[in-house]
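The points are grouped by topic.

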Amino acid sequence: MKILCFGDSNTYGYYAKGGRIEENYPRLLESEYCTTINEGVCGRTTHCLQSFIKAIQQPHDLTILMLGTNDLSAVGGYSLERIIKQLEELIIHEKKKILLLIPPYIHYERIVGWVYPVDVLEESKTLEDAMIRLANKHHLDYISMRDDLDIDEDGLHLTPRGHQQLALKIQNYLKQVNHQD
């Protein structure tokens, strides 16, 4: 199986303490039965249709899509409706199976060095609800991170342990799906 992992800095493996976590979740998914393509880009928002179209041209069996964190920032600044519309544009272009990853909740009091609105926790929960509705509308499987992953001291990025936790969630999903087929 070949998995395309398309997302932002958390897919890339950005490390708040500097550099890149080489054992990021796409790499941790690799095995003798599975290879991954890491198409994570720091700062990426859901406004990335051309990049997505280019990425899905690569041979793959499954797309893991995780976006939305940057959209809620002052840099992205997108409304919930626009975020969902842009995600839907990506979804309708992909003909392969998609696993939608709903980003971890963002807690304003934990954010260091990034500009987010004070009510970002409520916005991230509202985004989660909208993403679940979008997944259901398009019959997509999804995994919601909520507060289940270890987040770095900047309040946004996964730690090495967080990448391990996410990879385990995805591996459990893949086992479950493979047993159903």
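**Aromatic pairs and charges over rings**

Tyrosine 14 is partly exposed, at a relative accessible area of 24%; buried means under 20% relative accessible area, exposed over 50%, and partly exposed in between, for a 1.4 Å probe and protein chains only. The model is predicted, local features need pLDDT of at least 70, side-chain atom pairs count only at pLDDT 80 or more, and totals for chains, interfaces and linings use all residues. Residues are numbered from 1 along each chain as its sequence is written, and side-chain values use heavy atoms, with hydrogens and water left out.

- Rings of Phe, Tyr and Trp (its six-membered ring) pair if their centres lie within 6.5 Å, with planes under 30 degrees apart counted as stacked, over 60 as edge-to-face and the rest as tilted. By this rule there are two aromatic pairs.
- Phenylalanine 6 and phenylalanine 52 form an edge-to-face pair, 5.0 Å centre to centre with 80° between the planes. Phenylalanine 6 belongs to strand E1 (residues 2–7) and phenylalanine 52 to helix H3 (residues 49–55), so the pair ties together parts that are 46 residues apart in sequence. Helices (H or I, at least four residues) and strands (E, at least two) are DSSP runs, numbered from the N terminus. Both phenylalanine 6 and phenylalanine 52 are buried.
- The rings of tyrosine 14 and tryptophan 114 have centres 6.4 Å apart and planes at 80°, so this pair is edge-to-face. The pair links distant parts of the chain, 100 residues apart: tyrosine 14 is in the loop between helix H1 (9–12) and helix H2 (25–28), and tryptophan 114 is in the loop between strand E4 (97–102) and helix H5 (120–137). Tryptophan 114 counts as partly exposed, at 39% relative accessibility.
- A charge sits over a ring if NZ of Lys or CZ of Arg is within 6 Å of the ring centre and within 35 degrees of the ring normal. Arginine 20 lies over the face of tyrosine 12, 3.9 Å from the ring centre, and the charged end of lysine 125 sits over the ring of tyrosine 105, 5.5 Å from its centre.

**Nonpolar cores**

- A nonpolar core is a set of buried Ala, Val, Leu, Ile, Met, Phe, Trp, Tyr and Cys residues joined through side-chain atoms within 4.5 Å. The largest such core has 31 residues, and Leu65 and Leu87 have the most contacts inside it.
- E1, H3, H4, E4 and H5 each give two or more residues to this core; the largest share, seven residues, comes from H5.
- Beyond its neighbours within four places in sequence, leucine 65 is in contact (heavy atoms within 4.5 Å) with residues including Phe6, Phe52, Leu87, Leu90 and Ile98.
- Another core, of 21 residues, lies apart from this one, and among its members are Cys5, Ile143, Met145 and Ala167.
- Alanine 167 lies in helix H6 and counts as buried at 3% relative accessibility. Leaving aside neighbours within four places in sequence, alanine 167 is in contact with Tyr25, Leu28 and Leu29.

- Helix H4 (residues 80–93) has 14 residues and reaches 20 Å between its end C-alpha atoms, close to the 20 Å expected; the expected span is 1.5 Å times one less than the number of residues.
- The buried residues of H4, among them Ile83, Leu87 and Glu88, pack against H3, strand E3 (62–66), E4 and H5.
- The end C-alpha atoms of H5 are 25 Å apart, which agrees with the 26 Å that its 18 residues should span.
- The buried residues of H5 include Val120, Leu127, Glu128 and Leu134, and their cover includes H4, E4 and E5.
- Just after H5, histidine 139 takes a positive phi of about 55°.

**Polar contacts**

- A polar contact is a pair of N or O atoms within 3.5 Å; within protein, one must be able to donate a hydrogen and the other to accept it, and residues adjacent in sequence count only if both atoms are side-chain atoms.
- Glutamate 88, in helix H4, makes a side-chain polar contact of 2.7 Å with the side chain of lysine 137.
- Aspartate 147 lies in the loop between strand E5 (141–144) and helix H6 (160–180) and is partly exposed, at 43% relative accessible area. The side chains of aspartate 147 and histidine 107 are joined by a polar contact of 2.9 Å.
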